[in-house]
Amino acid sequence: MAAEPKNVSAEPQPPTDDLARDGSTESPEQCAGEEQAGARRIVPWRKQVTIRGLVASLVIGFLYSVITLKLGLTTGLIPNLNVSVALLAFVTIKTWTGLLHKAGIVSTPFTRQENTVVQTCAVACYSMTFGGGFGSYTLGLNKRTYEQAGVDTPGNVPGSYKEPAFGWMFGFLFATAFVGLLALVPLRKALIIDYNLPYPTGTATAVLINGFHSDRGNDAAKKQVMGFVKYSGLSFLWGFFQWFFSGQASSCGFSQFPTFGLEAFKQSFFFDFSMTYVGAGMICPHIVNLSLLVGAVLSWGLMWPLISGLKGDWYPAGIPSGSMKSLNGYKVFVSIALILGDGLYNFLKILVCTCRNLHDRRNQKTSKTYPDDQTQSQDEQKQNELFMRERIPMWVALVGYAALSAISIIVVPLMFPELKWYYATVAYLIAPALGFCNAYGTGLTDMNMGYNYGKVALFVLAALSGRDSGVVAGLVGCGLIKAVAATCGDLMQDFKTAQLTLTSPRSMLYSQVIGTMMGCVLAPGAFLVFYNAFDVGNPSGEYKAPYALIYRNMAIVAVEGFGALPGHCLQLCCGFFAFAVVLNLVKDFAPRKVVGKWVPVPMAMAVPFLVGASFAIDMCVGSLIVFAWRKVHKSKASMMVPAVASGLICGEGMWLLPSALLALAKVSPPICMTFLANKKAA
């Protein structure tokens with residue numbers, strides 16, 4: 001799940017470079033001279049995809065794969081990291097060219113187009129970690145999640161699990177990840193130019209890249225780079241320092257510091273000193289972080305202590321705490337109710353907005369009032385001219401989609417016999433329409449709803465497949481639809497960035513393909529490092545992997561109906577489903593400035609219901625830092641927050657890999673720092 005992206009209020013600042021013909025041939029020296037003169041030309045698409053760019057994409061993609069895996073396996077809440085990746089791409093290539101320059105080696109000038117290609121390739125690479133379901137539907141297939149869902153639960157049939165292994169995970173990703181790249185290529189003109197959808201994340205990324213590569217952006221870029229390097233170094237050293245005190249038990253270290261006292265600590269209310277979540281909190285909107293805190297207080301502060309007191313009345317007292325028929329069942333299913341209520345509301349809202357917007361634009365076109373070239377600025381005409389100059393033939397997209405779909409229809413049922421080939425065929429027939437709806441909705445709202453389309457597929461396929469094979473068929477089918485729908489939304493975001501940075505769409509498509517290929521190898525490899533080094537899936541550990549259990553239980557409910565719920569849980573689920581819908585209605589229809597902006601986001605509220613309150617505290621600390629910084633120095637905060645947040649996230653992410661390798665080598669921290677009540681200590 002990705003967090004709701006930050007709204008973008010700044011207008012894009014398109015570059016004013018002259019356009020070169022696709023067939024132009026310019027030497028690096030000519031490019032450098034023209035850049036100094038302020039009249040740099042755009043190089044052909046083949047020169048925008050460079051070897052150094054691909055190497056940088058590989059490094060950045062791997063780093064962010066590790067970061068998103070930690071986020072996905074701990075809370076499942078992943079903020080939008082496109083802007084952060086664009087910043088790191090700039091830092092990496094600039095550092096590389098600077099070192100070569102000091103060594104007396106002349107290198108090709110670093111352009112905004114190359115920066116865009118590196119960002120796109122790296123994002124496509126690390127997107128495979130959550131797009132591949134390593135924290136949700138794919139991990140929901142493993143034996144541990146199968147056991148947590150209850151071996152005696154109807155629908156959770158014996159043997160309906162598949163342990164993670166590089167071979168089948170790589171094969172599944174390779175068979176499904178590329179299909180969505182070609183589904184909407186013929187419609188890129190309609191979505192980007194004709195409808196002129198804003199795609200706020202794509203626009204924000206373009207604004208940042210254009211600022212880096214303009215004369216007036218040099219000073220700001222230097223400050224951002226220095227801030228990123230400084231705080232990534234501090235975050236790395238802090239992670240290294242914490243490791244010495246983390247011992248071998250899960251109760252050791254700064255991550256178990258009882259900040260608000262031991263009683264609050266028992267209910268997971270404490271600050272665990274995670275720089276990753278502090279940085280994520282600085283990136284996420286304040287309302288998302290406050291929603292997490294509200295959800296934590298409502299669940300761990302009120303509901304779970306009250307329901308625990310009803311043990312023996314609402315649910316049997318003698319069953320294990322991890323059973324779906326105990327308190328854990330209420331945590332899982334109430335979270336599902338909130339997620340489904342919020343997801344269904346937004347799903348229908350975006351469909352309605354899409355249909356209404358399409359209808360209005362059709363009427364505009366019919367009445368000949370739709371904006372044409374006469375009403376566009378010179379910069380917009382240049383952007384559109386370059387964007388449409390390199391056409392990708394429709395027959396290539398259609399034949400490619402059909403061929404890739406056929407491969408997936410053959411390969412996936414061989415890997416998972418529970419999913420019948422005819423279900424996969426129907427899924428790929430309707431996937432382009434779902435992808436269009438998702439790409440259009442993403443352009444309007446900046447909310448990629450690919451995971452919601454996947455959940456719909458999960459419920460439908462699990463119910464159709466029946467008890468014996470429904471859970472596995474639902475989880476795998478969820479992956480098929482989610483891969484296409486989510487990729488369509490992400491690809492159009494990147495095409496919007498390409499349009500505003502005057503980057504070739506063809507180079508963007510190739511960089512997407514290359515990045516996806518990298519991700520198909522790196523994502524399962526990085527996941528297996530986590531899986532083997534840490535206690536993934538332990539409800540009491542750091543890597544709880546909450547969405548794996550949520551997705552599996554969704555499939556069980558689809559197969560068995562409400563009989564899978566513990567006592568009185570159905571009433572609670574109905575209440576929280578309605579609560580999520582009401583919150584969204586209030587947010588959309590109440591006065592925005594007075595009420596709407598303070599209404600919590602149900603999707604964010606649902607996460608701490610299952611995983612605890614500690615990470616919500618971290619995220620709110622990030623929001624508090626941003627709030628205070630803006631009060632003291634608003635302009636500096638606006639410029640430096642993305643750099644500082646990215647540094648905090650990347651620094652701890654860089655430490656995760658050596659810590660995992662130390663764990664694999666059976667090297668334990670030398671000290672266990674823990675805290676006891678005063679009576680026990682005495």
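A helix axis here is a line fitted to C-alpha atoms over the stretch in contact, and the angle between two axes is taken between their N-to-C directions, from 0 to 180 degrees. That is needed for the first stop in this predicted model.

**Stop 1: helices H3 and H26**

Select residues 51-74 (H3) and 634-664 (H26); their axes come within 9 Å and cross at roughly 90°. Angles of 65 to 115 degrees count as roughly perpendicular, so H3 is roughly perpendicular to H26. To display the contact, show Phe-62, Leu-63, Tyr-64, Val-66, Ile-67 and Lys-70 on H3, and Ile-649, Cys-650, Glu-652, Gly-653, Met-654, Leu-656 and Leu-657 on H26.

**Stop 2: the whole chain**

Zoom out and colour by secondary structure. The protein chain has 27 helices and zero strands. Of its 682 residues, 57% are buried. Among contacts with a separation of 6 or more, 81% are between residues 24 or more positions apart. The chain exposes about 28,400 Å², and carbon and sulfur atoms supply 65% of that area.

**Stop 3: salt bridges**

Side chains of opposite charge can pair when their charged atoms come close. The structure holds seven salt bridges.

- Arg-52 and Glu-114: the side chains meet in a salt bridge at 2.7 Å, N to O. Arg-52 lies in H3 and Glu-114 in H5 (residues 112-131), so the pair ties together parts 62 residues apart in sequence. Both residues are buried.
- Asp-535 and Arg-144: the closest N and O atoms are 2.5 Å apart. Asp-535 sits in the loop between H21 and H22, and Arg-144 in H6 (residues 143-148), so this pair ties together parts 391 residues apart in sequence. Asp-535 counts as partly exposed because its relative accessibility is 40%; Arg-144, at 29%, also counts as partly exposed.
- Arg-467 and Glu-560: this salt bridge has an N to O distance of 2.5 Å. Arg-467 is in the loop between H19 (450-465) and H20 (470-500), while Glu-560 is in H22, 93 residues apart. Arg-467 is partly exposed, with a relative accessible area of 47%, and Glu-560 counts as partly exposed at 21%.

**Stop 4: H24 and the residue after it**

Select residues 602-611. How many of the ten residues of H24 are buried? Ten of the ten are, so helix H24 is mostly covered. They include Pro-602, Met-605, Phe-609 and Val-611. Gly-612 follows H24 and has a positive phi, near 105°.

Leaving aside neighbours within four places in sequence, Ser-268 is in contact with Trp-300, Gly-612, Ala-613 and Ser-614. Ser-268 counts as buried, at 12% relative accessibility.

**Stop 5: two loop residues with positive phi**

Ala-545 is not a glycine, yet its phi is positive, about 50°. Find Ala-545 in the loop between H21 (505-533) and H22 (546-560). Is Ala-545 buried or exposed? At 4% relative accessibility, Ala-545 counts as buried.

His-568, also not a glycine, has a positive phi of about 65°. His-568 lies in the loop between H22 and H23 and counts as partly exposed at 41% relative accessibility.

**Stop 6: a nonpolar surface patch**

Finish with Val-582, Val-586, Val-594 and Val-595, which form a nonpolar patch on the surface with about 300 Å² of accessible area together. Val-582 is in H23 (residues 569-589) and counts as partly exposed, at 44% relative accessibility.

Definitions and conventions:
Residues numbered from 1 in each chain as written. Predicted model: local features only at pLDDT ≥ 70, side-chain atom pairs only at ≥ 80, totals over all residues. Heavy atoms only, no water. Patch = residues over 30% accessible without salt bridge, like charges linked within 9 Å, V, L, I, M, F, W, Y side chains within 5 Å. Areas by Shrake-Rupley, 256 points an atom, 1.4 Å probe, with all protein chains shown as cover. Salt bridge = Lys/Arg side-chain N within 4 Å of Asp/Glu carboxyl O. Helix = DSSP H or I, 4+ residues; strand = E, 2+ residues; numbered from the N terminus. Buried < 20%, exposed > 50% of the residue type's maximum accessible area, 1.4 Å probe, protein only. Parallel < 35°, antiparallel > 145°, perpendicular 65-115°, else oblique. Contact = heavy atoms within 4.5 Å.
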